[in-house]
Amino acid sequence: MDQPSICQDVIEVINRVRHLTSDEGYFARFYEIYSTGCNQVEAWEQLESEREEVGLPNRYISYKSFINSLYNRIKQRVK
């Protein structure tokens with residue numbers, strides 16, 4: 001019976017929180033979810049749900065504010 005230790009579980013949650021709180025991690029996770037066949041709204045909702053699971057508040061209060069940020073991010077990268 002191999003069960004992960006509590007320390008491993010804590011480290012996993014900490015890494016997940018770090019990933020979901022950084023800009024790079026947040027948008028990388030969005031694209032991971034989106035690439036599974038979800039539409040953008042579903043991917044954003046799942047991502048915000050994952051943040052909630054680890055005790056983080058919503059990063060974007062609405063899909064519209066998320067999309068505005070996503071497009072601004074894309075524009076900055078294209079420059």
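Trainee: How much of the protein chain counts as buried?
Mentor: Of its 79 residues, 27% count as buried, where buried means under 20% relative accessible area, exposed means over 50% and partly exposed lies in between, with a 1.4 Å probe and protein chains only. This is a predicted model, in which local features need pLDDT of at least 70 and side-chain atom pairs count only at pLDDT 80 or more, while totals for chains, interfaces and linings use all residues. Residues are numbered from 1 along each chain as its sequence is written, and side-chain values use heavy atoms, with hydrogens and water left out.

Trainee: And what is the secondary structure?
Mentor: The protein chain has 4 helices and 0 strands, in the order α-α-α-α along the sequence; helices (H or I, at least four residues) and strands (E, at least two) are DSSP runs, numbered from the N terminus. The radius of gyration is 15 Å, well over the 12 Å that the globule rule gives for 79 residues, so the protein chain is more spread out than a compact globule. That radius is taken over C-alpha atoms, and the rule is 2.2 Å times the number of residues to the power 0.38.

Trainee: What does the C-alpha trace span, then?
Mentor: About 50 × 25 × 25 Å along the principal axes.

Trainee: What does its side chain reach?
Mentor: The side chain of Arg51 reaches the backbone oxygen of Leu20 at 2.7 Å. That is a polar contact, meaning a pair of N or O atoms within 3.5 Å; within protein, one must be able to donate a hydrogen and the other to accept it, and residues adjacent in sequence count only if both atoms are side-chain atoms. Leaving out residues up to four places away in sequence, Arg51 touches Leu20, Thr21, Tyr26, Leu56, Pro57, Asn58 and Arg59, contact being heavy atoms within 4.5 Å.

Trainee: Arg59 is on that list, so where is Arg59 found?
Mentor: Arg59 is in the loop between α3 and α4, the latter being residues 63-78, and at 23% relative accessibility it counts as partly exposed. A polar atom of the Arg59 side chain lies 3.1 Å from the backbone oxygen of Thr21. Beyond its neighbours within four places in sequence, Arg59 is in contact with several residues, including Ser22, Asp23 and Glu48.

Trainee: Which side chain does Arg29 join through a polar contact?
Mentor: Arg29, in helix α2 (residues 23-34), has a side chain joined to that of Glu50 by a polar contact of 2.7 Å. Among the residues it touches, not counting those up to four places away in sequence, are His19, Gln46 and Leu47.

Trainee: Last topic, helix α4: how accessible are Tyr71 and Gln76?
Mentor: Tyr71, which is found in helix α4, is partly exposed, with a relative accessible area of 42%. Gln76 also lies in helix α4 and counts as exposed, at 59% relative accessibility.

Trainee: How far is Gln76 from Ile33?
Mentor: They are 22 Å apart in space, C-alpha to C-alpha, and 43 residues apart in sequence.
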